[in-house]
Amino acid sequence: KLYPNFSNDRIEAGIKVKVIAIGPGGEKRGLDERKWLIQEERVAAYTILYDGNIAMISINSDGKPMGIVVKDKNFYEAQKLVFDFTWSKL
């Protein structure tokens, strides 16, 4: 809701994404691949791996986003290994 043109801007910039979704929804928009871990339960938290960083965003009980960015190559590499392993098993 806070960035309604995120996907359009990402596509226009030519940024490809792979998404492992937890919960229903999440239609494909372009330059994206999507797999589901589970479809029955919705989780209002997101982890984004990009350019050696990890962004973690959650929606709190008031419906407001909160998040952190971890700028550490070792944390990034560890999380990327977990993501790639999980992606290969889905």
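Predicted model: local features only at pLDDT ≥ 70, side-chain atom pairs only at ≥ 80, totals over all residues.

Reader: Is Asn 53 buried or exposed?

Author: Asn 53 counts as buried, because its relative accessibility is 12% and the cut-off for buried is under 20%.

Reader: What does the side chain of Asn 53 reach?

Author: The side chain of Asn 53 reaches the backbone oxygen of Asp 51, at 3.3 Å.

Reader: And which residues does Asn 53 touch, leaving out those up to four places away in sequence?

Author: With those left out, Asn 53 touches Ile 48, Val 69, Val 70, Lys 71 and Tyr 76.

Reader: Switching to the surface, which residues make the nonpolar patch?

Author: Tyr 46, Ile 48, Tyr 50, Ile 57, Ile 59 and Val 69 make a nonpolar surface patch of about 490 Å²; Ile 48 and Val 69 are also among the residues that Asn 53 touches.

Reader: Which strand gives the largest share of that patch?

Author: That is β3, with three residues, although β3 (45-50) and β4 (53-59) each supply at least two.

Reader: Why does Tyr 50 count as partly exposed?

Author: Tyr 50, which lies in strand β3, counts as partly exposed because its relative accessibility is 34%, and that class runs between the under 20% of buried and the over 50% of exposed.

Reader: Last topic, helix α2: what happens at its start?

Author: There, a side-chain oxygen of Asp 72 comes to within 3.1 Å of the backbone nitrogen of Asn 74. The helix itself, residues 73-89, has 17 residues and reaches 24 Å from first C-alpha to last, close to the 24 Å expected.

Note on methods: Residues numbered from 1 in each chain as written. Heavy atoms only, no water. Helix = DSSP H or I, 4+ residues; strand = E, 2+ residues; numbered from the N terminus. Expected span 1.5 Å × (residues − 1). Polar contact = N/O pair within 3.5 Å; in protein donor to acceptor, adjacent residues only side chain to side chain. Patch = residues over 30% accessible without salt bridge, like charges linked within 9 Å, V, L, I, M, F, W, Y side chains within 5 Å. Areas by Shrake-Rupley, 256 points an atom, 1.4 Å probe, with all protein chains shown as cover. Salt bridge = Lys/Arg side-chain N within 4 Å of Asp/Glu carboxyl O. Buried < 20%, exposed > 50% of the residue type's maximum accessible area, 1.4 Å probe, protein only. Contact = heavy atoms within 4.5 Å.
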